[in-house]
Amino acid sequence: MRIDLGLIEWERHLVRVRRLSPATVRAYTSDIRDLMSRVGPATSIAEVDLDVLRSWQWAATQRGDSRATVARRTSSVKAFFSWSVESGHAPTDPALRLGAPKRGRTLPRVATAGALADVLNKEHDAGVSGDPIVLRDGAILETLYGSGMRVSELCGLNLEDVDLSRRTARVNGKGAKERVVPFGAPAASAIDAYRVRARPTLLARGDGESTALFLGARGGRLGPRAAYDVVSRLVSPAVGGGDVGPHALRHSAATHLLDGGADLRAVQEILGHASLGTTQIYTHVSSERLAASYRLAHPRA
């Protein structure tokens with residue numbers, strides 16, 4: 001089978017069988033397209049051997065791709081050729097002996113709990129003006145930091161996913177895995193103010209039918225890029241230089257919870273993280289213990 005036709009079939013497999021998120025599918029298929037640009041779309045999958053894959057890796061390194069990018073693309077290629085063998089499109093797997101550069105373990109730059117408190121309190125004070133964008137942005141920051149959820153999970157929230165009385169949100173994480181995360185009183189207050197005083201105004205700018213919790217300036221569902229811009233604009237100055245995105249708030253939530261004495265397994269469950277090893281086994285902690293750990297340890301619980 002030609003590699004371009006194999007890519008189409010593999011993409012269907014990722015969506016229908018493995019049920020991966022759209023973002024993950026796009027990343028996987030983009031990586032194979034990068035390989036395809038090297039070997040040509042009409043090349044048979046069976047013609048690709050280890051030397052071709054190593055040459056492709058070397059070319060990526062020479063053009064300046066980071067170690068993390070090369071490592072990620074290598075993982076995608078390994079998954080693609082493993083599937084090709086299982087599907088009968090290739091007699092052997094040329095990627096079995098393909099090595100990958102070790103990823104550097106870097107953490108996003110984050111502000112201290114005190115610096116973040118200053119940012120969040122400033123946004124709360126600015127919200128007194130009633131400006132719908134200011135109220136929305138404050139609620140975005142409080143929700144990201146207060147819950148530790150991913151930006152994609154924040155943008156995917158619908159109105160019915162948030163329970164302000166219990167201060168919990170139901171989110172769909174990676175691999176379409178659903179979990180319930182707690183958030184603190186400041187986040188609940190900010191979300192409530194946004195829903196009552198700001199969201200109707202933003203909704204009126206669109207078709208008035210969105211079920212999304214967080215809306216963009218034109219009334220549609222807020223996108224990850226817009227959420228990134230909000231965090232970068234408001235939080236970056238507190239970090240002292242450099243661009244800061246939503247993941248920095250997620251990392252801050254985890255760090256500050258652990259600093260406050262929260263149980264590691266509870267934090268992993270709150271964030272939807274895999275365990276530290278390569279087994280990808282999620283820890284299971286009761287919702288009561290999660291909420292108790294969160295409210296005892298998080299600085300804005």
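Trainee: How many residues lie between β2 and β3 in their hairpin?
Mentor: The hairpin has 5 residues between the two strands, and Gly175 in the turn has a positive phi of about 70°. Strands are DSSP runs of E with at least two residues, helices are runs of H or I with at least four, and both are numbered from the N terminus. Please note that this is a predicted model, in which local features need pLDDT of at least 70 and side-chain atom pairs count only at pLDDT 80 or more, while totals for chains, interfaces and linings use all residues. Residues are numbered from 1 along each chain as its sequence is written, and side-chain values use heavy atoms, with hydrogens and water left out.

Trainee: How many bridges join β2 to β3, then?
Mentor: Strand β2 (residues 168–172) is joined to β3 by 5 bridges, and the two run antiparallel. Two strands pair if DSSP finds at least two bridges between them. Asn172 has Glu178 as its bridge partner in β3, and Val171 stands opposite Arg179.

Trainee: And what about β1 and β2, how many residues between them?
Mentor: That hairpin has 4 residues between its strands, and Arg167 in the turn has a positive phi of about 55°. β1 is joined to β2 by 2 bridges, again in an antiparallel arrangement. Val162 stands opposite Ala169 in β2.

Trainee: What order do the strands take in the sheet?
Mentor: The order is β1-β2-β3 in an open sheet of 3 strands with antiparallel pairing. β1 (162–163) and β3 (178–182) are at the edges with a single partner strand each, so one side of each has no neighbour in the sheet.

Trainee: Changing topic: at what angle do the axes of α11 and α12 cross?
Mentor: Helix α11 (residues 246–259) and helix α12 (residues 264–271) have axes that come within 10 Å and cross at roughly 160°. This makes α11 roughly antiparallel to α12. Axes are lines fitted to C-alpha atoms, for helices over the stretch in contact, with angles from 0 to 180 degrees between N-to-C directions. Angles under 35 degrees count as roughly parallel, over 145 as roughly antiparallel, 65 to 115 as roughly perpendicular and the rest as oblique.

Trainee: Which residues of α11 and α12 meet?
Mentor: Arg250, Ala254, Leu257 and Leu258 in α11 meet Leu264, Val267, Ile270 and Leu271 in α12. By class, this contact has 7 nonpolar, no polar and 1 charged residues. Ala, Val, Leu, Ile, Met, Phe, Trp, Tyr, Cys and Pro count as nonpolar, Asp, Glu, Lys and Arg as charged, and the others, Gly among them, as polar. Contact means heavy atoms within 4.5 Å.

Trainee: One more: is Thr29 buried or exposed?
Mentor: Thr29, found in helix α2 (residues 22–39), is buried, with a relative accessible area of 3%. Leaving aside neighbours within four places in sequence, Thr29 is in contact with Leu7, Trp10 and Glu11. Thr29 and Leu7 are 22 residues apart in sequence, and their C-alpha atoms are 7.1 Å apart.

Definitions and conventions
Buried means under 20% relative accessible area, exposed over 50%, partly exposed in between (1.4 Å probe, protein chains only).
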